[in-house]
Amino acid sequence: TVDPSGRCVGVANYTGGSCALFPILEDGSLGEVGSFLQHTGHSGVNVRRQEAPHAHSINFNQDGTQAFVADLGKDQILLYDVDPASGTMKPSQQAFLQLPPGGGPRHFCFHPDFEIAFSNLELTSQVALLHYDRVQRTLKLGQVLDTIPVSAKGQGNSTAECLVHPTGKFLYVSNRGHNSLAMFSINADGKTFHSLGNAPSEGEIPRGFGITADGKWLVAGNQKTGNVVAMSINQQTGKLTPVGRKLPLDAAVNVRFYQR
């Protein structure tokens, strides 16, 4: 992930359970690693997946001075203070936020006002609301909701991506196995959110997806069926509707929009 100032790149290393920060040089290339931080420990709740630390993603706050690393193996969001000018980072005063045991935090996304954030829990098909104090630079756990019906639990399902709509009114989470996109409405006070149900992903194993800057379209990649689908977003209800044809693309796993 590139920090908001465009001066450095954060990397999460899943297998090794670590994270790193690289400065971006004037010509756009990467300089020598500024910081490398090895995670230690693990929750062990899920014996197969949480046998070691597994840093799964890294994201930045509004000005790039703090980074948040979702570690699936530790059931934690680790917080780091960042110096974009030097391309270095170190643990924040609040070193981590503990998430529900066995949840396996995978990705992390901020609300546009940077007062709340969300992390999808891969192993339990849930998503957690997190309250962010911009002054104290701390995170606190809020609501945790299911991303699939209770009847579908324990059937090889897992979450992949989570993104907040540009208006801040809606949240979307992709479900592998259940092959759907969970839709949520975020209450105006930013303290709670509720489910709007699920929309079929129009393929198998949906992973990363993107939302256009104007908030009108969501485009998702289905890895197993090898297709990319576009969905219109109802601006009042947040509901998704497939449009157009499916674009064949082998093992599509992520979608990002280039902002001009």
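Predicted model: local features only at pLDDT ≥ 70, side-chain atom pairs only at ≥ 80, totals over all residues.
A residue is taken as buried when its relative accessible area is under 20%, as exposed when that area is over 50%, and as partly exposed in between, with a 1.4 Å probe and protein chains only. Residues are numbered from 1 along each chain as its sequence is written, and side-chain values rest on heavy atoms, with hydrogens and water left out.

By the accessibility criterion, F68 and Y132 are both buried. The relative accessibility of F68 is 0%, and F108, at 3%, also counts as buried. Aromatic pairs were assigned between rings of Phe, Tyr and Trp (its six-membered ring) whose centres lie within 6.5 Å, with planes under 30 degrees apart counted as stacked, over 60 as edge-to-face and the rest as tilted. Eight such pairs occur in the structure. One of them joins F68 and F108, which are stacked with 5.1 Å from centre to centre and 5 degrees between the planes. This pair bridges distant parts of the chain, since F68 belongs to strand β5 (residues 66–71) and F108 to strand β8, 40 residues apart; strands (E, at least two residues) are DSSP runs numbered from the N terminus.

F68 also pairs with Y132, and because the ring centres are 5.5 Å apart and the planes stand at 90 degrees, the arrangement is edge-to-face. Here too distant parts of the chain are linked, with Y132 placed in strand β10 (residues 126–133), 64 residues from F68 in β5. A single aromatic cluster is formed by F68, F108, F110, F114 and Y132.

The largest pocket holds about 1,400 Å³ of space. A pocket is an open set of points on a 1 Å grid over the protein atoms alone, where a 1.4 Å probe fits and protein lies on both sides within 12 Å along at least five of seven lines; lining residues have an atom within 4 Å of a point. Grid points are joined across faces, edges and corners, and the volume is the space filled by probe spheres set on them. The lining comprises 44 residues, with T1, N59, C109, L163 and R256 nearest the centre of the pocket. Strands β1 (8–13), β4 (55–60), β8 (105–110), β12 (158–164) and β16 (206–211) each contribute at least two lining residues, and the largest share, six residues, comes from β4.

Conventions
Helix = DSSP H or I, 4+ residues; strand = E, 2+ residues; numbered from the N terminus.
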